Amino acid sequence: MGKTSVILYVSLCLIFLMLLSHAPKKPSTHRRLKLRSNFNFNNPHPHHDSIPFDPVVTQIERRLEDRRWEHHYITHSHPDAANDTHSATTEAPGHESQPEWEDFVEAEDYLNDEEKFNVTSRLQQLFPKIDVAPVDGYVTENELTEWNLKQAEKEVLHRTQREMDVHDKNHDGFISFSEYDPPSWAANSDASSLEHDMGWWKEEHFNASDADGDGLLDITEFNDFLHPADSKNPDLLKWLCKEEVRERDTDKDGKVNFEEFFHGLFDLVRNYDEEAHNTSHPSEDSTEAPAKVLFAKLDKNNDGFLSDEELLPIIEKLHPSEHYYAKQQADYIISQADGDKDGKLSLEEMVENPYVFYSAIFTEEEEEEYDHDEFR
C-alpha cells in the first residue's frame, strides 16, 4: 500500500510539472500602441520621424496634428488669420482649436482594442497592397520601400497643402513671393544667425522652385519649395548646392576648400554611406585619406576648391530624400522580421512580428504596469 502511494504521488507530481511547463506564460512586457504628438512647429531642421506603416494610424495622427497646427498657427503666428485656416483643416474633426488629452486617450484605446483594431488583421489586409511587383506571395525590400515612400509622400503633400491654404491669400491656387510669409524662426532671426545668412525662404529660393518661371508656385512647386531634397527640379538642386557652399565657406571666398569639406560635408557623406551600407564608424585619422579621394573626384577643374556645381553629385547625401528614409525603414523591418533570412517577407513572417511594423508608435511597459492594467 505504501509503495502504491509513492508511485501515485510521483505520477501526480510529474503530471503537474508537465502541465506547468505547457501552461501559457504571461509576457514580461506589454506592448501598447501610442499616438505620436511630436510635430515640432518651431524647429527649422527637425529630426526625421519614422514613416507610419499603417494608413489608419496615419489618418488618426493627422487629424490630431491638424488641430494642434490650427491652434498653434492662429495663436502664435497669425492671430488674425482664423478665417484663412478653415480650408486648411477640413480633415480635423469638429471645431475645437486643439486636441485635448482625452482625444489621444480615446484614439489610443481604439488602437489597442483588438476587436476594433487588430494588428494581425491589419497586416493581412495590407499585405496584398504591398506585394505588387510582382505579386508572388512575398514582400521584398523594394516593395516595402515603395510602400513606405507612398505613405511619406502623402503625409508631406498634406502638410504642404495645409501651408498653401494659409499662404494663398487671394485663393487662386498659386502662391506669389509677396504672399509667402517665412516661418517665424526665419522672420525673427537676426543678422548674426545662420538662417539669416542662408537663402532659405528668400527670393532666390522661391525663384529656383518656380519651375515654369511664371512667378507663381503651384502645389507641386510649393511642395518642392518646402522640401527641396525630394525635388527633381535641377534649378532647385543647384540652389541647394549654393546653400551648402554658403554654409560651409568659413573664409567667405565663395568656394569650399579641403578643410571646410573635411570638417563638415564629408561627415554627412560618410554618415549617409555608413547608414546605407550598415558599416562601422571609422576614426578621424582613417577618414582623411578617403576624404581626399572624394574631394579630388569632385574637383573637376583641379583648382583645389569645390564650387556649388561640383557639389551636385553628392547633394542627395547632404540632403537625404524621403526615398532614403523609406529604404532605411524597410531594411530595418526586414532585418527584424525575416525569420528564414531569404531577404523577403512572407505573410506568416509579418504576422509573427507585428510590432516591428508598428515600431514607430508602440511602447513597452514594464511587467508591473502590465499587471496593473490587466486587473484594473
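I began with residues 191-197, where the pLDDT stays under 50. This is a predicted model, and for that stretch I found 9 contacts beyond four places in sequence.

I then looked up residues 23-30 in relation to the whole chain. The chain averages a pLDDT of 79, and 67% of the residues score at least 70. Over residues 23-30 the pLDDT is below 50, and the model gives this stretch 14 contacts beyond near neighbours in sequence.

Which elements have the lowest and the highest mean pLDDT? I noted helix α17, residues 367-374, as the lowest with 36, and strand β3, residues 216-217, as the highest with 98.

Next I turned to a pair of helices. Two packed helices are described by the angle between their axes and the distance between the axes. For α5 (residues 141-167) and α14 (residues 322-337) I wrote down an angle of about 135° and axes 8 Å apart. The two helices are therefore oblique to each other. I recorded the crossing of α5 past α14 as right-handed.

I listed the residues that meet there. Those in α5 include E141, L144, L149 and V156, and those in α14 include E322, H323, A330 and I334. I sorted the residues of this contact into 8 nonpolar, 4 polar and 5 charged.

Last I checked the UniProt record. Its unreviewed entry places "domain: EF-hand" at residues 203-232, 249-271, 286-321 and 325-360. In residues 203-232 I found 50% helix and 7% strand, with the end C-alpha atoms 19 Å apart. Residues 249-271 are 61% helix and 0% strand, and their end C-alpha atoms lie 21 Å apart.

Conventions: Residues numbered from 1 in each chain as written. Predicted model: local features only at pLDDT ≥ 70, side-chain atom pairs only at ≥ 80, totals over all residues. Heavy atoms only, no water. pLDDT = per-residue confidence, 0-100. Helix = DSSP H or I, 4+ residues; strand = E, 2+ residues; numbered from the N terminus. Contact = heavy atoms within 4.5 Å. Axes fitted to C-alpha atoms, helices over the stretch in contact; angles between N-to-C directions. Parallel < 35°, antiparallel > 145°, perpendicular 65-115°, else oblique. Left-handed = near helix turned anticlockwise from the far one by under 90°. Nonpolar A, V, L, I, M, F, W, Y, C, P; charged D, E, K, R; others polar. UniProt positions renumbered as here; feature names shortened; annotations may be inferred.
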